[in-house]
Amino acid sequence: MNVDDLTSGLNPVQREAVLASSGPLLILAGAGSGKTRVIVHKIAYLIAAQGVAPQQIIALTFTNKAAQEMRERVREMIGPVAQSMWISTFHSSCARILRSHGELLGFSSKFSIYSDKEQTALLKEVSRKLKLLPTMFPTKYLSSVIEDAKNRGVGPDEYAVEVHHAPNPKLRLVANAYKLYQQGLQENNALDFGDLIFQTVALFNKFPDLLESYRDRFNYILVDEYQDTNEIQYRLIGMLAEPKRNLCVVGDDDQSIYSWRGAQIKNILDFESDYPEAKVVRLEENYRSTATILNAANRVIAANKQRKGKDLWTNNHAGELISLYLAANEADEGSYVVKRISTSVREPGDFAIFYRTNAQSRIFEEGLSRKAIPYTIVGGTKFYDRAEVRDLLAYLKVVNNERDGISLLRILNVPARGVGKTSIEHLQVYADANGLTLWQTLERLPTEPLVRGGARTALCGLADMIRQWRRNDQEGHNPSVICADILAGVGFADWLLKNNDPIQAQTRQENIAELLNAIELWEDEQEAPTLAAYLENVALINDDHVDNAAQSRVTLMTIHRAKGLEFDEVFLVGLEEGLFPGKRSYEKPDLLEEERRLCYVGMTRARQKLHMSACRIRRLYGQTMDNRPSRFLMEIPLELLKREDSNGREAQSVPGLENGARKRAYSVPQTGSKRQPRYLQNATVAVSAGKRGAGVNRNPVKSPVQLSGDKDAASFPQGCRVEHSVFGPGVVAGVKGSGENVKLDIVFRDRGRKLLALKIASLKRLN
């Protein structure tokens, strides 16, 4: 292929980025500027025009979805030769390196990758051994401290030195927990997600010859979303890039929104200091949004000081003005959003609702449910986090890795086989006292009476089955076959039926069937599928995309999860001081700038239409907040905004919103003021039906709950099928109380078990 073919369809600046083939290169890629296209064309250019061997290129991304898309598009351009390239996430690449060389650090090639749940189980065991009170040292706190340390490249010993003289003695106990936790991972032949990169850097530091071999292999390094890299990822990239320094990083400092999980905006801001010979290319043409949306987003982000600076522009049409709705309260805001969606000619899948915190979703869920508008919440319970799926995966992990005591502990009495807590404690105490793994202890049961009676018989039978499954794995049986053997061997389906109501049992059996289906689909794509490879694939799956099934539904998500996505019409809600930006951001300019970047990300997800809303009064987390609209709204020029009433019609303009007055009003952070903001005085605030008068109704009248069906308890006997306006279909599992205090115990198909007061429950009987 010639150069013209490889750069066909690119604009002049994109072409410049593609043709810069050697030395450090920083591509500042604005929102919607076609960065993935540039990366794909660049890889194709290196291989097809520059003669670089595919195996000499490594491209690192943050999500499996991005890696898969990049891999497929490169294959489309240059054919199957792209297969030998490393295009994967940081975690996948590091797992691959550690599978090959982890034994140098004491890990076998079959190490387990622990999920959040398994980390929690291990940390609970650590807390038990150190006698740490859960109230003072919650596992979430311990895991966040350890994760932060690993993201910074700080191991247990270094962390102990860091906190040795800390005024808070609690941190010294955390250091002990960190050390014991790492020992536990080693004993279980396991790594957590932070370890995958941390241990790879440790491996390269400890064995420089090994690092040199990877430097020789990877002559060209490409990194996507560079603004999201943390300290340990920054070190890994720097290690691999030397001495050739053929490093191309792509990112947008204006979309750096993950400092809370260790991302360092300085990595992209300081790139030219790290690599003085670097070439910088700015991708500033936006192909996604209308000119109006883009101009508004540019004005908001321009208020930040920590940025490289760029001005996005577009050849797209101007589009509609940005809708601004000033709601009386969160119920009014929810009503407005749902009404705009329900009266639109667009399909539900064209809409997205973005909010700052998950707690804000409830009002929109309820409103959409009442209107029978399908929706999906991104960030709910992940498929691989469901109990029955985790149980079966734990069996597979035990088959694969005999040192994985956390997974073995999970399945000792799942399905129930008469092994109680006391028996399990005896096994753990014996293992600790004799320096054995839990599996080694289990193997001693036939000769040593560590537990007695039925528990001993059951555990010996379990050990026999595990040994057989391991033999099957060694003989090359496919993971799906081993999984089916486990299900049959332990009677998993019968156990689900006996221990759950019919609806729950059916749902859980469907999840197990879906897991088997997923394994088989994965096997179809592999040349030689192995259990170890499948478990690694599952461990590295990120919940980083909207489900295909969600394409016909309204999407609800936090703005953090929206990054990388786009929708025709976006509702950016809750734009109030104290909520967005949050109060905590007032403490540090860096945090406030990140909140502004988050707003910029939310705005630039919209292709055709952007709605922004704020509440005068909001009840959240049990508190009533009386806040002024967000400063981010005030940073948008008036000529780009259109005030709307609750029906979506243009409302009365708001006096006093001249730019100078707006800027002065937000020079000092304020929240919780009882005085109405100056720009709302004498303005008609649109409120929902039933509320009269100008200004805000501080005591809104609650709308009566609409009941369908009889309120008599006799009309809802145990076993009858019902439908709730919010929770959907379900079955009555029981009736409690009498008279006006009757409550129904209902198992909902999609929302689990709930106890509802019949007097106010919005229920309809279905049979």
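Visitor: Which residues are buried in α26?

Guide: This is a predicted model. In α26 the buried residues are L531, A532, Y534, L535, E536, V538 and A539.

Visitor: And how many of the helix's nine residues is that?

Guide: Seven of the nine, so helix α26, residues 531-539, counts as mostly covered.

Visitor: Switching to sheets. In what order do the six strands of the open sheet run?

Guide: The order is β3-β2-β6-β7-β1-β8, and the pairing is parallel.

Visitor: Which strands stand at the edges?

Guide: β3 (86-89) and β8 (279-283). Each has a single partner strand, so one side of each is left without a neighbour in the sheet.

Visitor: What does the twist average from one strand to the next?

Guide: It averages 15°.

Visitor: How many bridges pair β6 with β7?

Guide: Three bridges join β6 (residues 220-223) and β7 (residues 247-251) in the parallel sense.

Visitor: Now D385. Where is it?

Guide: D385 lies in the loop between β11 (375-377) and α18 (387-400).

Visitor: What does D385 touch, leaving out residues up to four places away in sequence?

Guide: K117 and R390. The C-alpha atom of D385 is also 9.2 Å from that of D116, although the two residues are 269 apart along the chain.

Visitor: Last topic. How many disulfides are there?

Guide: The count is zero.

Visitor: Is C483 buried or exposed?

Guide: C483 is buried, at 0% relative accessibility. C248 is buried too, with a relative accessible area of 5%.

Methods:
Residues are numbered from 1 along each chain as its sequence is written. This is a predicted model: local features need pLDDT of at least 70, side-chain atom pairs count only at pLDDT 80 or more; totals for chains, interfaces and linings use all residues. Side-chain values use heavy atoms; hydrogens and water are left out. Helices (H or I, at least four residues) and strands (E, at least two) are DSSP runs, numbered from the N terminus. Contact means heavy atoms within 4.5 Å. Buried means under 20% relative accessible area, exposed over 50%, partly exposed in between (1.4 Å probe, protein chains only). A disulfide is a pair of cysteine sulfur atoms within 2.5 Å. Two strands pair if DSSP finds at least two bridges between them. Axes are lines fitted to C-alpha atoms, for helices over the stretch in contact, and angles run from 0 to 180 degrees between N-to-C directions.
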